[in-house]
Amino acid sequence: MDIESLRDYCLEKEGVTESLPFGDQTLVFKTGGKIFLLVGLNSPSSFNVKCDPERAIQLREEYEEVQPGYHMNKVHWNTVSMTGRLSVNQLKEMIDHSYELVSKSKKKVSK
């Protein structure tokens, strides 16, 4: 997966916006005003996604491409390398999981 396909995949999701709130080097994808994915534009070989804490630990133990979130809360965020042995489907599953977690928390707040 490259930065263009990552961007296209994120923007296909309902209610997703993209912005550069942290400067012109970090592209941020949000749903309902909440971040679900960040990617550095100067080195777009990895991205940060939100993850259920137990699942985050499991993924980190299973795949060297999944590390605690760089510059993020290490309990809830993973940094995922797009280069390595993870398939595009596995990367998409991690993106989907992050989007769903954030969408779910957005719905709880609005109730």
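Me: Which residues have the most contacts inside the largest nonpolar core?
Reply: Leu6, Phe36, Leu37, Phe47 and Ile95 do, in a core of 25 residues. The model is a predicted one.

Me: Where is isoleucine 95 found, and what is in contact with isoleucine 95?
Reply: Isoleucine 95 sits in helix H3. Leaving aside neighbours within four places in sequence, its contacts are Met1, Leu6, Tyr9, Cys10, Lys13, Phe36, Leu37, Phe47 and Val49. Each of these has heavy atoms within 4.5 Å of isoleucine 95, because that is what contact means.

Me: How do you know what confidence the predictor has in the protein?
Reply: By pLDDT, whose mean is 92. Of the residues, 95% reach 70 or more. Confidence is lowest in H3, at a mean of 86. Confidence is highest in strand E1 (residues 16-19), at 98.

Me: In what order do the six strands form the open sheet?
Reply: The order is E1-E2-E3-E4-E6-E5, with antiparallel pairing.

Me: Why are E1 and strand E5 said to stand at the edges?
Reply: E1 and strand E5 (66-68) each have a single partner strand, so one side of each has no neighbour in the sheet.

Me: How are neighbouring strands of this sheet turned against each other?
Reply: By 25 degrees on average, direction ignored.

Me: What makes E1 and E2 a pair?
Reply: Four bridges join E1 and E2 in the antiparallel sense. Pairing needs at least two bridges, so E1 and E2 qualify. Threonine 17 stands opposite lysine 30 in E2.

Me: What phi does glycine 23 take in the hairpin of E1 and E2?
Reply: Glycine 23 takes a positive phi near 110 degrees. This hairpin has six residues between the strands.

Me: How many bridges join E2 to E3?
Reply: Six, and the strands run antiparallel. Leucine 27 stands opposite valine 39 in E3. The hairpin of E2 and E3 has two residues between the strands. In the turn, glycine 32 has a positive phi of about 60 degrees.

Me: How many bridges pair E3 and E4?
Reply: Three, in the antiparallel sense. Leucine 37 stands opposite valine 49 in E4. H1 packs on the sheet and touches E1, E2, E3 and E4. The direction of H1 makes about 170 degrees with that of E3.

Me: What joins E6 to E4 and to E5?
Reply: Five bridges join E4 to E6, and three join E5 to E6. E6 runs antiparallel to E4 and to E5. Valine 49 stands opposite asparagine 78, and valine 66 stands opposite valine 80.

Me: What makes E6 mostly covered?
Reply: Five of its five residues are buried. Trp77, Thr79 and Ser81 point one way, while Asn78 and Val80 point the other way. In a regular strand the side chains alternate between the two faces of the sheet.

Me: How do you know whether threonine 79 is buried or exposed?
Reply: Threonine 79 has a relative accessible area of 13%. The buried cut-off is under 20%, so threonine 79 counts as buried. Threonine 79 lies in strand E6 (residues 77-81). Beyond residues up to four places away in sequence, threonine 79 touches Ser46, Phe47, Asn48, Glu65, Val66, Gln67, Pro68, Gly69 and Tyr70.

Me: Which backbone atom lies 2.7 Å from a polar atom of the side chain of threonine 79?
Reply: The backbone nitrogen of tyrosine 70.

Definitions and conventions: Residues numbered from 1 in each chain as written. Predicted model: local features only at pLDDT ≥ 70, side-chain atom pairs only at ≥ 80, totals over all residues. Heavy atoms only, no water. Core = buried A, V, L, I, M, F, W, Y, C linked by side-chain atoms within 4.5 Å. Buried < 20%, exposed > 50% of the residue type's maximum accessible area, 1.4 Å probe, protein only. pLDDT = per-residue confidence, 0-100. Polar contact = N/O pair within 3.5 Å; in protein donor to acceptor, adjacent residues only side chain to side chain. Axes fitted to C-alpha atoms, helices over the stretch in contact; angles between N-to-C directions.
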